[in-house]
Amino acid sequence: MRGFSPWLAATAPHIQIWIGALCTIGLYSLLYRENKLYRFFEHVYLGLATGFLVANTWTDIIRPKWYQPMVDKGMWWYMFELMIGFYYYFIFSRRHNWMARLIIGFFLGVASGQAFQQFANDQWPQISATFKPLLPHAAAGTVKAVTPGDAINNIIFVVMVVCVLSYFFFSFEHRNPAIKVSSRLGRWMMMFAFGAIFGSTVMARLALLIDRMYYLVFSWGGELGAETHLGANGKYLACGVIVALVLLMIVLSRRYPDDFSAPPGDSGAGGGGTS
Amino acid sequence: MANIVNNLQRLDRRYLYALLILCVVAPFFLEFNPPVYPTKPSRDLFNMIQSLPEHSFVLLGIDWSAGTRGENLPETEAIMRHLMLRHLRFGMLAYSDPQGKTQGENAAIRIGKEFGYREGIDWVNIGFKVDMNNSLKAMDLNVPGTFSTDIHGNKLSSLPVMAGVHTAADFSALIDITATSSYQTYIQFVGGPYRLKTGIAVTAVMAPESFNYLDSGQIKGLLQGLSAAAEYETLVENEEQKEGHPLPPETAIATKFNNSSSFAHLLIILMIILGNAGMLIERASKRREQEASA
């Protein structure tokens, strides 16, 4: 880009920040309601992400690993990889689909073989870690000490595992009182776990909002400061823009109440909120 | 009272969004830093890196994209800062998303300037790769042979940072910073078979299911989203002060983000309480009306 246009090369970082800010504001316009600006930036983002993936697959994988060795280094036999890859498309031919099954069978075999290793390294250590000492004891040789606190933790852990497992006994009806109680407890415990996941989701989504707001205030604010000669105070200008947009959203919300919050029977002038 | 309850029940969600945005932005300008107490999983990851000898090679999985930048970037920066402070070499690999290679590169360049870290000598960006299972299996036996070059086209085997790194057994540790299940594949094909010291930094959504791996000892340490990134940053900051290399305050983004997160969480808790109180009061008044009419 430097050779093509020195001005563009020098200005590109500033243009990037402006585009980033406009995309952020455009995407967050969804908070007011579904709108064309949001739709436009959503499609821009999806298109960019897909284009980036395709371009990088070529530059980082296919070109250095296949194209360059074949064309630049004369490893002509690499062309057979492409032909073997095309075997997949014989799935559309009734007469020749056995050729597609050859290559599918090959990769199915590879994946099945790997599944053994995956299971052994992933699940087995967790199964063995489920067997925990339930009584406190002192350290002996390679065996670690178990304090009364550890023992209580371990008992809670084992009870939870047993209860949750009993919930998934589908082979017989849960008529036995012991199974009935333990499976109900298991269901409650899973609900706690789902609650923890949901709580974490709130924190995760907030982190994304915080990052975008930080970008607007400091990165875009820096640009605004440089262009308006406000210098470091540009962040206050960016903050002012955010507050103005928030106020605009409130004014528009009062004028066009949301469908979900309007009293029953009154859908408002525009409605059309998204969940 | 009935009016207030009615309004609470029918409050337009966009007022809540407005309040939330203000709660997130206001702490950027406040000199208010609530104390951060590092939890055990964060301390364990910190201690894992602390225990590595100088100039050891650490494999860093950068498996995230712009979509989870708010959580994964503070984690990445805190971990990279620690690696540089400890004078460790590292190599970055991205499997889950091609953006990972760019995000990792940007962070390494930015923090590397503070520590005088140079690309190719102290760190290397191997780039974006696909077919994680087979690629890792091949890497286990021959690292430079599997990846050949870094993202700039330099031969891996000729880079000083790769000196002595031939197979997965030559890695001193493995840390995957991820927004996907890529850490499981790392455990299955690298961490598990080679008994490598493994740590992961995940998004908060993934944290509850990642604890299994911590409990079973398959990973040595765990960062769970933004709050853990702030904890890790605090640990690194304390270490930097000991080493006489204090962290510039403007770079402590995890702590800044965490302040906003605290305010936003307070607002959400307040709204949950108010919303539930409104619902209970409304239900009680309806019951009274029904009793009166009966």
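1. A quick definition to start: a salt bridge here is a side-chain nitrogen of Lys or Arg within 4 Å of a carboxyl oxygen of Asp or Glu. E173(A) and R175(A) make one, with their closest N and O atoms 3.4 Å apart. Both partners sit out in the open: E173(A) is exposed at a relative accessible area of 57%, and R175(A) is exposed at 63%. (Exposed means over 50% relative accessible area, buried under 20%, partly exposed in between, with a 1.4 Å probe and protein chains only.)

2. Before going on, some housekeeping. This is a predicted model, where local features need pLDDT of at least 70 and side-chain atom pairs count only at pLDDT 80 or more, while totals for chains, interfaces and linings use all residues. Residues are numbered from 1 along each chain as its sequence is written, chains are lettered from A and ligands numbered from 1 in the order in which they are written, and side-chain values use heavy atoms, leaving out hydrogens and water.

3. The overall count is 13 salt bridges over all chains. Have a look at the network that links E34(A), R39(A) and E42(A). R39(A) pairs with E34(A), closest N and O atoms 2.7 Å apart, and also with E42(A), at 2.8 Å. E34(A) is partly exposed at 30% relative accessibility, and R39(A) is partly exposed too, at 38%.

4. Where do E42(A) and R39(A) sit relative to each other? They are three residues apart in helix 2 (residues 36-71) of chain A, so about one helical turn separates them. As background, side chains of opposite charge can pair when their charged atoms come close.

5. On the fold, chain A has eight helices and zero strands; helices are DSSP runs of H or I with at least four residues, strands are runs of E with at least two, and numbering goes from the N terminus.

6. The C-alpha atoms fill a box of roughly 70 × 70 × 55 Å along the principal axes.

7. Buried residues come to 27% of the 275 in chain A. Of the contacts (heavy atoms within 4.5 Å) between residues at least 6 apart in sequence, 30% join residues at least 24 apart.
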